[in-house]
Amino acid sequence: MPATAINLTNQFLIAMPGLSSDAFSGAVVYLCEHNANGALGLVINKPIDITLKNLFEKVDIELDQGELAAAPVFFGGPVQTERGFVLHEPPAEGEPGYNSTLAVPGGLAMTTSKDVLEAMAQGQGPRRVLVTLGYSGWGAGQLEDELGRNSWITVEAEPSVIFDTPVEKRYDRALGLLGIDPRMLSQEAGHA
């Protein structure tokens, strides 16, 4: 009998301490899409040594917005690490959209087209953004298997964790949404 399908779109995946993969150790992943074909998400708490100004220069866009230019780019995951992904609040009604945007039901939006970067450089793009290189992807049933092995715990995503919480506190804050103190987590699975 097939397992009941779960949909973790617009949730955080929080890596359990026993998850030893370098890419996901201590990671919080925002799931942009999860369906029968697999899952796609962006790690929100692993900045890399590139600022938005550096990234924009690589695509021939000048970014002079002070605070935005100094913001870090994040490691979004191990897939397509040369490609940029912009996680942002959905455009307000009446605001123009972008060429390639995935609207996360009940949540944020993820844009992969260059027009969002151009709008940001002109001060007209989304105000709250997290830019990654690469994404995290799982094939059909792969994430469910990892969940069954206690590699991750999940919780409804809270945009303030992404946009308002200092990077070094995002993991603890995501766990806090579940009422869990990180010191209480064990690497051992709790199977009877």
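Me: What counts as buried, exposed or partly exposed?
Reply: Buried means under 20% relative accessible area, exposed over 50%, and partly exposed in between (1.4 Å probe, protein chains only). In the protein chain, 44% of the 192 residues count as buried.

Me: What sort of model is this?
Reply: It is a predicted model, in which local features need pLDDT of at least 70 and side-chain atom pairs count only at pLDDT 80 or more, while totals for chains, interfaces and linings use all residues. Residues are numbered from 1 along each chain as its sequence is written, and side-chain values use heavy atoms, leaving out hydrogens and water.

Me: How many helices and strands are there?
Reply: The protein chain has six helices and 10 strands (DSSP runs of H or I, at least four residues, and of E, at least two, numbered from the N terminus).

Me: And what does the C-alpha trace span?
Reply: Along its principal axes, the trace spans about 55 × 35 × 30 Å.

Me: New topic: which residues are closest to the centre of the largest pocket?
Reply: The largest pocket has a volume of about 420 Å³, the space filled by probe spheres set on grid points joined across faces, edges and corners. Of its 23 lining residues, Glu-67, Leu-68, Ala-71, Arg-127 and Val-129 are the closest to the centre. A pocket is an open set of points on a 1 Å grid over the protein atoms alone, where a 1.4 Å probe fits, with protein on both sides within 12 Å along at least five of seven lines; lining residues have an atom within 4 Å of a point.

Me: Which elements give two or more residues to that lining?
Reply: They are helix 2 (66-70), strand 5 (72-75), strand 9 (129-139) and helix 5 (159-163).

Me: What about the second largest pocket?
Reply: That pocket holds about 240 Å³ of space. Its lining has 14 residues, with Glu-95, Tyr-98, Gln-124, Gly-125 and Pro-126 nearest the centre.
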